[in-house]
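Please read the following briefing alongside the sequence and the coordinates, which are shown directly below.

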Amino acid sequence: MTNILELSNLTKKFDSFSLNNVSFSLPKGFIMGFIGHNGAGKTTTIKLILDMLKKDSGSIKVFGKDNLIYKNEVMERIGVVMDSTYFVEEWNLADLEASVSPFYKNWNSKKYNDLLDDFYLDKSKKIKELSRGMKVKLMIAVALSHDADLLILDEPTSGLDAVSRNELMDILSDFITDENKGVLFSTHITTDLERVADFITFINKGEIVYSGTREELLEKYLVIKGGRGVLEPSQRELILGYREHSVGFDGLIEASMLRMMPESVVYEPCNLDDILVRTNMGGNSYE
Amino acid sequence: MNRILSFVKLDYAALKPYIKSIYMFVVIVVFMGLVNDSISLMFTMVMVGLPMILTYPFAISEKNNLDTLYSTLSLDRKDVVVGRYAFVLINEIIAILVLVIVAIIKSNFKPLDMSSEELVLYVCILSMFFSFIVSFQYPILFKLGYSKAKLYTYIPMMIIFFLIGLFPSIVQRLNLNIDLEAVGHMIFTNLVPISLLTFSLGIIFLVLSALISMKIYEKKDI
């Protein structure tokens with residue numbers, strides 16, 4: 001599998017936060033969900049890929065090329081959607097096209113107009129008159145109008161209603177039907193990823209704790225439940241996000257550790273939200 | 001080169017929110033130039049007003065998160081800086097052309113208060129001051145952004161007005177025997193080289209300033 005995006009030992013230090021040795025890769029033809037709590041380092045990683053932040057060390061390769069040395073070439077082929085717009089609010093959608101299209105050799109004006117029509121966006125409207133959902137669709141229209149091979153989306157769904165989120169997932173599914181393309185999709189709303197993500201990269205406190213297929217991640221952990229007082233302290237330590245309530249406990253456990261648990265406990269498959277929430281609850285360290 | 005020109009075009013497009021106040025400024029300058037006896041007033045207004053207008057792209061950029069836009073485009077950071085300085089030069093040239101055209105139109109109705117050689121010298125000196133002001137402002141604007149840098153952008157104009165105001169007393173206090181008449185004579189007998197020198201100094205200011213801005217913007221976290 002050829003990688004469309006490859007990060008190796010990426011490090012960036014701030015006063016109160018650091019991104020440590022972040023490494024993962026996204027093969028062509030797939031959607032990768034980039035998950036983590038707020039402040040885990042998702043946006044920092046994306047900003048490093050886009051050269052908005054300067055890395056301290058490590059390497060970033062996009063389409064097999066260094067993202068800084070070949071910046072112009074690389075950016076021609078990347079479509080970006082951030083969590084808030086970065087266009088002049090006074091522009092209408094025609095002004096926007098006139099301003100950004102000269103930067104792309106492959107800008108397709110017909111596609112831009114078709115996408116605006118598909119998204120029910122009026123070209124004469126000012127950007128400041130658009131709703132949050134419409135602004136996200138506008139960023140997607142721009143990202144898709146220059147024949148991008150890699151889409152990088154940073155929390156595009158936060159603040160969107162369920163219908164708009166569903167539409168976005170459809171757009172991504174359509175986009176990825178071309179096996180030479182790829183999507184890196186950062187979000188903390190993991191339900192968005194259940195439908196579309198082939199790979200998941202999970203970042204916590206600036207460190208990658210998992211990067212692989214979604215199925216493997218979901219198979220790796222189980223939600224475990226049981227009555228009060230059935231666990232030995234050593235067993236309790238194996239549980240992530242251990243929570244006690246009036247009739248018992250629940251938590252998350254690595255599937256391979258299930259044999260260490262008493263027979264009386266019950267377990268069930270977990271979802272991405274369980275993993276995200278439990279790891280944020282403290283208790284066990286997450287290895 | 002294409003990217004830099006595209007960036008200049010983007011800067012002009014970004015000025016849309018301020019376009020009315022810019023037109024208003026141009027109308028007032030031209031009107032004052034036509035009705036006032038002295039042509040120099042029009043030039044001074046441009047020297048003071050244009051550097052302020054040229055900070056608008058930073059204001060708009062900050063308000064609308066345009067540094068992020070630049071990062072998503074096929075655009076090097078140095079192209080952003082070079083493009084912004086090219087935007088300055090283009091505006092300076094447009095301003096000079098407008099001023100000269102107004103002066104020519106005015107001269108058809110009424111004799112100007114300076115000869116054409118003096119006019120060229122005047123334009124070159126103002127251009128040097130203008131370049132000095134912008135050269136001071138831009139690296140700070142690139143470093144701090146518009147809101148934080150706004151106060152500092154007034155400093156070069158204050159320096160210029162302060163020095164002009166204090167010049168006679170400095171001369172007196174230091175007991176300098178400057179023969180202003182001789183200086184004036186020297187200038188007016190060497191109009192072409194002095195015009196070239198002042199214009200070149202302005203360009204040197206801008207080039208040095210652009211190099212500093214490039215270093216600043218290259219390192220900046222957006």
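The side chains of B:Arg3 and A:Glu76 form a salt bridge with an N to O distance of 3.6 Å, where a salt bridge is defined as a side-chain nitrogen of Lys or Arg within 4 Å of a carboxyl oxygen of Asp or Glu. This is a predicted model, in which local features need pLDDT of at least 70 and side-chain atom pairs count only at pLDDT 80 or more, while totals for chains, interfaces and linings use all residues. Residues are numbered from 1 along each chain as its sequence is written, chains are lettered from A and ligands numbered from 1 in the order in which they are written, and side-chain values use heavy atoms, with hydrogens and water left out.

**Interface of chain A and chain B**

- Between chain A and chain B the count of salt bridges is four, and the rule for polar contacts finds 16 residue pairs across this interface, both residues being at pLDDT 80 or more.
- A polar contact is a pair of N or O atoms within 3.5 Å; within protein, one atom must be able to donate a hydrogen and the other to accept it, and residues adjacent in sequence count only if both atoms are side-chain atoms.
- On the side of chain A that touches chain B, helix 2 (71–76) and helix 3 (93–100) of chain A each supply at least two residues, with helices (H or I, at least four residues) and strands (E, at least two) taken as DSSP runs numbered from the N terminus.
- By class, that side of chain A has 16 nonpolar, five polar and nine charged residues, where Ala, Val, Leu, Ile, Met, Phe, Trp, Tyr, Cys and Pro count as nonpolar, Asp, Glu, Lys and Arg as charged, and the others, Gly among them, as polar.
- In total, 30 residues of chain A are in contact with 28 residues of chain B, contact meaning heavy atoms within 4.5 Å.
- The area buried between the two chains is about 2,500 Å², of which carbon and sulfur atoms give 56%; buried area is the accessible area (1.4 Å probe) that two parts lose on being put together, summed over both.

**Domains of chain A**

- Chain A is divided into domain 1 (3–212) and domain 2 (218–280), with bounds that come from an automatic or database domain assignment.
- The C-alpha centres of domain 1 and domain 2 of chain A lie 35 Å apart, and the contact takes eleven residues from domain 1 and nine residues from domain 2.
- About 800 Å² is buried between these two domains, with carbon and sulfur atoms giving 68% of that area.
- Within domain 1 of chain A, the residues that lose the most area to domain 2 are A:His37, A:Thr190 and A:Glu194, which together account for 51% of what that side buries.
- Across the interface of the two domains the rules find zero salt bridges and two residue pairs in polar contact, both at pLDDT 80 or more.

**Overall form of each chain**

- The secondary structure of chain A comes to ten helices and 14 strands, and its C-alpha trace spans about 65 × 40 × 40 Å along the principal axes.
- Chain B comes to eleven helices and zero strands, and its C-alpha atoms fill a box of roughly 55 × 45 × 30 Å, taken along the principal axes.

**Salt bridges over the structure**

- Over all chains, the structure holds 25 salt bridges, among them the pair A:Glu90 and A:Lys126 at 3.0 Å, N to O.
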